[in-house]
Amino acid sequence: MLKIADGFCDHMLLQRQQPILVWGTGEPGESVTVQLANQVGKTMVDATGSWTLSLPQMEAGRQLTLTLFGADTTIQIDDVAIGDLYLAAGQSNMEFALGNEDHYEQARKAADGKDFRWMGVPQVEYEGDGRDEPLAWRVLNAQNVQDVSAVALYALLEIATHTDVPLGVIGCYKGGTSASCWIRKQTLMEDPELRQAFYEPYWDGLETQSEAEEDACRAAYQNKLETYQRAVADYQRAYPERSLSQLKHELGHTPWPGPKGKKDFGRPGGLRDTMLRRVLNRPFKAVWWYQGEEDAKSAWQYEHLLGTLIDEWRHTLGANVPFFLVQLPGYKEETYVETWPILRQAQAMQALAKPNVDLICTLDQGDSYNIHPTNKQVVGTRLGQLVSRVFYDPALRALYPKLRLWRHGEENVELVFENIDQGSIRLCVDDQTIEAPIREGIARVAGKAHTISYAWQNDPESLTWNALGLPMFPFQIEIE
């Protein structure tokens, strides 16, 4: 019987101005016809029982019908939109649901009536775990946005003020994941640095672990997790006025990590196969990536890890698909002391090194004692502003202050900034803290210095903003 691929269903959104790929299965030799608006494509089911065809690119449109015709099968998909499709990916802060966000009531009302299409990828941790549900699209409204990524929804709301094309997001994320979870196992194994840093340490000592042994470890962890969750519920009933940050500070964080093994979603390459694979065949306008917290323990390898992820995803999605990165906010990481500046620097270096990679600064949007800040409005809005400046409104003023260059004189070191003219910046100069004025985009550090840094802590206490109210990117320079 002729079938169309998972994810082709009512309310779907397809990327405009790119060839439209449609695929599925059927009986070998069966003829296939696909019609979308006035575009028609024909092909045959091959010997393996698969078929694929490409329709010409189309401009933005709404309320279209895609129809599939076979020998004795007709499939009709209604309310198809052609617009801009984004892939929202990463770990828990991208996953953070709008229903748990500080401005939920305001946001859900703002989303009502917008032409936002959403598809969430089921979080299949391992093959056969029972979570392998069909992919499904929906048009967002005030009643069905509770489980949607808060960051993604706020980004959509901002983008919608700069364009009237239909907008869609596919959410493919999972809390507590290293970037290595989203890269092919083979890629990790073939890269000496990544194999040594991520693949081999994970599987060390697990070579002989049986399924029964892993299941027992998983059951024990689940009991521990449920005990913690009951304590959280009791605390919230007893102290309803206290914030989640206070709760975390007093009860500690959720027990983490869980036991390793073949069923652990944190295994290297695992979610690339069980989740990401399901949505890789379609074109995207861009990727939104918010991740890095879980890789604090391997911060020194993160630049290479993130670069490998971008390269590999682009190999499948298209060589020039843009990436928009969310730089990590402030947080008092106590287990891996002062590693977050290294992660932020790795993110910044990828934005510098690779074409079509952009970065937003969120240093001021952290929560010292909660790794999951409950206010996502500013983060999502900034993401939407940057996307809009790149794609829809080049004149949009969404420019972050940052160090452009430094020069060493006889009596001082000059730091030359862009996107800021006046202000003040707190610098750490060879372990001493100074306050330096910025005049005409330049700050001067008197005397000789070996190291100069700004906001080079997990949770910086003093930040610098420009006239647009945007924070400066952190930096550290070594002077010979």
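Predicted model: local features only at pLDDT ≥ 70, side-chain atom pairs only at ≥ 80, totals over all residues.
Biologist: How many Å does H9 reach from its first C-alpha to its last?
Modeller: H9 covers residues 302-317, which makes 16 residues. At 1.5 Å a residue, 22 Å is expected, and the helix comes close to that. Its reach in the model is 22 Å.

Biologist: Which residue just after H9 takes a positive phi?
Modeller: Let's step just past the end of the helix. The phi there is about 130°. The residue with this positive phi is Gly 318.

Biologist: Is H5 roughly parallel or roughly perpendicular to H9?
Modeller: Two packed helices are described by the angle between their axes and the distance between the axes. The axes of H5 (residues 192-203) and H9 come within 11 Å and cross at roughly 110°. Angles of 65 to 115 degrees count as roughly perpendicular. H5 and H9 are therefore roughly perpendicular.

Biologist: Which residues of H9 make the contact with H5?
Modeller: The crossing of these two helices is left-handed. From H5, the contact is made by Glu 193, Leu 194 and Phe 198. By class, the contact has three nonpolar, two polar and one charged residues. On the H9 side, the residues are His 304, Leu 305 and Thr 308.

Biologist: Is Thr 339 buried or exposed?
Modeller: Thr 339 is found in the loop between strand S13 (323-326) and helix H10 (340-353). Leaving out residues up to four places away in sequence, Thr 339 touches Ala 296, Ala 299, Trp 300, Glu 333 and Asn 458. Its relative accessibility is 4%, so Thr 339 counts as buried.

Biologist: Are H3 and H11 roughly parallel or oblique to each other?
Modeller: The axes of H3 (residues 150-159) and H11 (residues 377-391) come within 7 Å and cross at roughly 45°. Angles under 35 degrees would count as roughly parallel. H3 and H11 are therefore oblique.

Biologist: Which residues in H3 meet H11?
Modeller: This crossing is right-handed. On the H11 side, the residues include Gln 377, Val 379, Leu 383 and Val 387. By class, the contact has seven nonpolar, six polar and one charged residues. The H3 residues are Val 151, Tyr 154, Ala 155, Glu 158 and Ile 159.

Notes:
Residues numbered from 1 in each chain as written. Heavy atoms only, no water. Helix = DSSP H or I, 4+ residues; strand = E, 2+ residues; numbered from the N terminus. Expected span 1.5 Å × (residues − 1). Axes fitted to C-alpha atoms, helices over the stretch in contact; angles between N-to-C directions. Parallel < 35°, antiparallel > 145°, perpendicular 65-115°, else oblique. Left-handed = near helix turned anticlockwise from the far one by under 90°. Contact = heavy atoms within 4.5 Å. Nonpolar A, V, L, I, M, F, W, Y, C, P; charged D, E, K, R; others polar. Buried < 20%, exposed > 50% of the residue type's maximum accessible area, 1.4 Å probe, protein only.
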